[in-house]
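Thanks for coming, everyone. Let me put the model up and walk you through it.

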Amino acid sequence: PKELYPKIITEFTEQYARGAKDTLMANPPVWFKAIIAVELTYQLPFFFVAAYAFFMGKCKWIRLPLIVYSTHTATTLIPILGHIFFYDFSDSPVPGPATFEERMTLATIYMPYLVIPLLMLFVMLFSDDYKDHRHIKSH
């Protein structure tokens, strides 16, 4: 509910949504609200754990949790980008992107939520700094 947020935040969100033609922020569908709920309960708190691990450097214990985190975060962009590129906004209560250029601009705003997690995933998968080098002996 809008009443729970300071007026300046709701006004900023409304201004952004109108300017970027971001219908997901202006009139979020239930599936987008579910993604936001997961971001607030899982991704946001984990961000601080991951930031601590990166700050400390070469913390091998962060590898598996960060693989899960980055994969999950990147995959949330599939329905978001699908909505941006393929949804018919002609009947939308809030004006959405009408041209391919507007759709690309809006997609670009969301792109860091795909690119940064994928970069983190590749670091965790391929960097020797985070791999466990214990070998299992065969008998």
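Predicted model: local features only at pLDDT ≥ 70, side-chain atom pairs only at ≥ 80, totals over all residues.

Start with helix 3, which covers residues 30-56. Now look at E39. Helix 3 bends there by about 40 degrees.

Which residues of helix 3 are buried? They are F32, I35, Q43, F46, A50 and A53. An α-helix has 3.6 residues a turn, so residues three or four places apart point the same way. And what do the buried residues pack against? Four partners here: helix 2 (23-26), helix 4 (63-75), helix 5 (77-86) and helix 6 (100-110).

Next, the end of the helix. Just after helix 3 comes G57, with a positive phi of about 85 degrees.

Now the surface. V49, Y52, F55, M56 and W61 form a nonpolar patch. Together they have about 590 Å² of accessible area. Take F55, in helix 3. Its relative accessible area is 71%, over the 50% cut-off, so F55 counts as exposed.

Last stop: T23, in helix 2. Buried or exposed? T23 is buried, because its relative accessible area is 7%, under the 20% cut-off. Set aside neighbours within four places in sequence, and T23 is in contact with P28, H83, F89, S92, V94, P95 and G96.

Key
Residues numbered from 1 in each chain as written. Heavy atoms only, no water. Patch = residues over 30% accessible without salt bridge, like charges linked within 9 Å, V, L, I, M, F, W, Y side chains within 5 Å. Areas by Shrake-Rupley, 256 points an atom, 1.4 Å probe, with all protein chains shown as cover. Salt bridge = Lys/Arg side-chain N within 4 Å of Asp/Glu carboxyl O. Helix = DSSP H or I, 4+ residues; strand = E, 2+ residues; numbered from the N terminus. Buried < 20%, exposed > 50% of the residue type's maximum accessible area, 1.4 Å probe, protein only. Bend = angle between axes of the 7 residues up to and from the residue. Contact = heavy atoms within 4.5 Å.
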